[in-house]
Amino acid sequence: MSKIDPTARVADGAVIGEGTEIGPYCIIGPNVVIGANCKLIGHVHVTAQTTIGDDCTIYPFASLGTPPQSLSYRGELTKLKIGSGCTIRESVTMNAGTVAGGGVTSVGDRGYFMNCSHVGHDCHVGNDVIFATSATLGGHCEIGDFVFIGGLSAVHQFTRIGSQVMVGGVCGVRDDIIPFGLVNGQYAVLEGLNLIGMKRRKFTKQRLATVRGFYQKLFHGPGTFAERLEVSRPLAGEDPAIAEILDFIGKGKRPLCLPAIAK
């Protein structure tokens with residue numbers, strides 16, 4: 001049985017899952033679906049056509065499904081989808097999508113969103129991510145699984161960040177970041193591979209050595225980057241991580257984040 005504080009306002013039509021607690025002064029809109037065993041601690045605002053998976057904890061002053069911050073928005077009812085097991089801390093904001101962008105903003109399972117972080121309209125965020133304090137996504141960003149975005153970092157609209165990337169604090173991310181990359185700097189540059197994250201994902205020493213060798217050839221070998229990329233394509237069969245990186249680069253439509261000395 002769900003538990004709803006008498007000061008909360010849950011609109012007719014909203015669906016509240018079994019065992020979910022809606023705390024003081026929460027406002028839940030009529031098109032919202034909240035899964036089982038969630039906890040909205042208090043002063044949480046959920047609107048638009050928002051769905052929240054099971055076992056999520058949402059802290060005060062989070063605002064979910066609010067209208068997209070886009071000049072193209074004309075008041076349409078669009079969607080925000082949040083997966084299961086997420087922790088959404090104080091003052092986090094996640095906007096619904098735009099019709100032009102497909103109408104859906106999506107967030108995967110087990111995300112940890114620290115206070116004041118923001119997911120913009122039409123973003124698609126993977127599983128097991130961590131957004132530190134005030135990490136911010138512009139609209140239409142694509143974020144892979146196991147990504148960590150450092151505090152006060154901002155990601156430019158339409159940017160892609162591959163899986164298992166580590167973004168340092170206070171970074172401006174303007175370019176796509178390869179899977180397994182480690183980036184840092186006022187305007188983020190690629191500093192290497194996220195080796196700590198890869199070890200946590202059970203990469204063996206042999207796999208790490210193979211991927212590191214590929215990385216050195218691609219970003220620090222002789223010739224231009226375009227020439228090195230062409231030479232490196234046959235290496236996709238050496239490891240799934242290499243294949244993932246090359247596939248990510250091949251699908252890119254925006255500039256790629258490179259080391260400061262790469263050309």
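This is a predicted model: local features need pLDDT of at least 70, side-chain atom pairs count only at pLDDT 80 or more; totals for chains, interfaces and linings use all residues.
Residues are numbered from 1 along each chain as its sequence is written, and side-chain values use heavy atoms, with hydrogens and water left out.

An open sheet of 11 strands runs in the order β1-β4-β7-β10-β13-β16-β19-β22-β25-β27-β28, and its pairing is mixed. Strands (E, at least two residues) and helices (H or I, at least four) are DSSP runs, numbered from the N terminus; two strands pair if DSSP finds at least two bridges between them. β1 (3-4) and β28 (189-193) stand at the edges with a single partner strand each, so one side of each has no neighbour in the sheet. Within this order, β22 (residues 148-149) and β25 (residues 166-167) run parallel and are joined by two bridges. Ile149 has Val167 of β25 as its bridge partner.

Another strand to look at is β15 (residues 104-107). Four bridges join β12 (residues 79-82) to β15, and these two run parallel. β15 is also joined by two bridges to β18 (residues 124-125), again in parallel. Ser106 takes part in both pairings: in β15 it is the bridge partner of Lys81, and in β18 its own partner is His124. From β15, Val104 and Ser106 point one way and Thr105 and Val107 the other way, and all are buried. Buried means under 20% relative accessible area, exposed over 50%, and partly exposed in between, with a 1.4 Å probe and protein chains only.

Helix α2 (residues 205-220) has 16 residues and reaches 21 Å from its first C-alpha to its last, close to the 22 Å expected at 1.5 Å a residue; the expected span is 1.5 Å times one less than the number of residues. Buried in α2 are Leu208, Thr210, Val211, Phe214, Tyr215, Leu218 and Phe219. They lie on the same side of α2 because they cover an arc of only 165 degrees around the axis, taken from the directions from the helix axis to the C-beta atoms. Lys205, Gln206 and Lys217, on the other side of α2, are exposed. The cover over the buried residues of α2 includes β28, α1 (195-200), α3 (225-232) and α4 (240-250).

A search of the whole structure finds four aromatic pairs. Rings of Phe, Tyr and Trp (its six-membered ring) pair if their centres lie within 6.5 Å; planes under 30 degrees apart count as stacked, over 60 as edge-to-face and the rest as tilted. Phe180 and Phe203 have ring centres 5.7 Å apart and planes at 70 degrees, so this pair is edge-to-face. Phe180 lies in the loop between β26 (172-173) and β27 (181-184) and Phe203 in the loop between α1 and α2, so the pair ties together parts 23 residues apart in sequence. Phe219 and Phe225 form a stacked pair, with 5.6 Å centre to centre and 25 degrees between the planes. Phe219 is buried, at 2% relative accessible area, and Phe225 counts as buried at 13% relative accessibility.

Charges also sit over rings. Arg201 lies over the face of Phe146, at 4.0 Å from the ring centre, and Arg89 lies over the face of Tyr59, at 4.2 Å. A charge sits over a ring if NZ of Lys or CZ of Arg is within 6 Å of the ring centre and within 35 degrees of the ring normal.

Note on methods
Contact means heavy atoms within 4.5 Å.
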